[in-house]
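Let's take a walk through this protein model together.

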Amino acid sequence: MTLTETGESINTHSGVKIEPQFGINNCPKLDILIIPGGPLKAVESTVENKNIINWIINQKNIEYICSVCTGAFILGKTGLLSNKEATTHHLALKLLQEKYPDIIVSANKKVVHDENIITAAGVSSGINMALNLVSQTLGESIAERTAKVIEFKHNFQ
């Protein structure tokens, strides 16, 4: 399912129209939340949106909170990455560390899993993160089959 702040459609920075099923005020209980990234200017507007940041903070106890690429900046703003290891796109690693010095920023990992939070370095790393989620929730054999179907070489160890 997809959601936006209000439940109304939005256009992404690349012009893709998102038709969400829910807004943050009528979203059912989640097991997994995936926060996408994008250009830092686009991410900054979300980082400054107190409604979204507070809503994410209220999700802190769900099974998995994930970010892809610069979505880590949104998680950084929530404080949920404080004293946790995380990663982001290689071009944004230094800035993430500067903005949120209490995050243990990892430059050497494509996917970082710390407690219930998983961060992925970039788009292709997001595929690795998704396959790891499939492995953890549905089992390694299903994740291996999924990787094979999408012709993605993935190491599950």
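This is a predicted model: local features need pLDDT of at least 70, side-chain atom pairs count only at pLDDT 80 or more; totals for chains, interfaces and linings use all residues.

Residues are numbered from 1 along each chain as its sequence is written, and side-chain values use heavy atoms, with hydrogens and water left out.

The protein chain contains six helices and ten strands; these are DSSP runs numbered from the N terminus, with helices being H or I of at least four residues and strands E of at least two. Its radius of gyration is 15 Å, close to the 15 Å that the globule rule gives for 157 residues, so the chain is as compact as a globular protein of that length. Here the radius is taken over C-alpha atoms, and the rule is 2.2 Å times the number of residues to the power 0.38. Along its principal axes, the C-alpha trace spans about 40 × 35 × 30 Å.

How much of the chain is buried? Buried residues make up 41% of the 157 residues, where buried means under 20% relative accessible area, exposed means over 50%, and partly exposed lies in between (1.4 Å probe, protein chains only). The accessible surface of the protein chain comes to about 9200 Å², and 51% of that belongs to carbon and sulfur atoms; such areas come from the Shrake-Rupley method with a 1.4 Å probe, and for residues only the protein chains shown count as cover.

Now find the helix pair. Helix α2 (residues 50-58) and helix α3 (residues 71-78) pack at an angle of about 80 degrees, with their axes 9 Å apart. That makes α2 roughly perpendicular to α3, as angles under 35 degrees count as roughly parallel, over 145 as roughly antiparallel, 65 to 115 as roughly perpendicular and the rest as oblique. Axes are lines fitted to C-alpha atoms, for helices over the stretch in contact, and angles run from 0 to 180 degrees between N-to-C directions. I53, I56 and I57 in α2 meet I74, L75, K77 and T78 in α3, with contact meaning heavy atoms within 4.5 Å. These residues divide into five nonpolar, one polar and one charged.

Zoom in on I53, which sits in helix α2. I53 is buried, with a relative accessible area of 6%. Leaving aside residues up to four places away in sequence, I53 touches T46, V47, I74, K77 and T78.

Next, look at two loops. Most residues other than glycine have a negative phi. N83, however, has a positive phi of about 60 degrees although it is not a glycine. N83 is placed in the loop between α3 and β7 (85-86) and is exposed, with a relative accessible area of 62%. E115 likewise has a positive phi of about 60 degrees without being a glycine. Its place is the loop between β9 and β10 (117-120), and E115 is exposed at 60% relative accessible area.

Our last stop is T137, in helix α5 (residues 123-138). Is T137 buried, partly exposed or exposed? At 39% relative accessibility, T137 counts as partly exposed. Not counting residues up to four places away in sequence, T137 touches I32 and Y64.

How values were computed:
Ala, Val, Leu, Ile, Met, Phe, Trp, Tyr, Cys and Pro count as nonpolar, Asp, Glu, Lys and Arg as charged, and the others, Gly among them, as polar.
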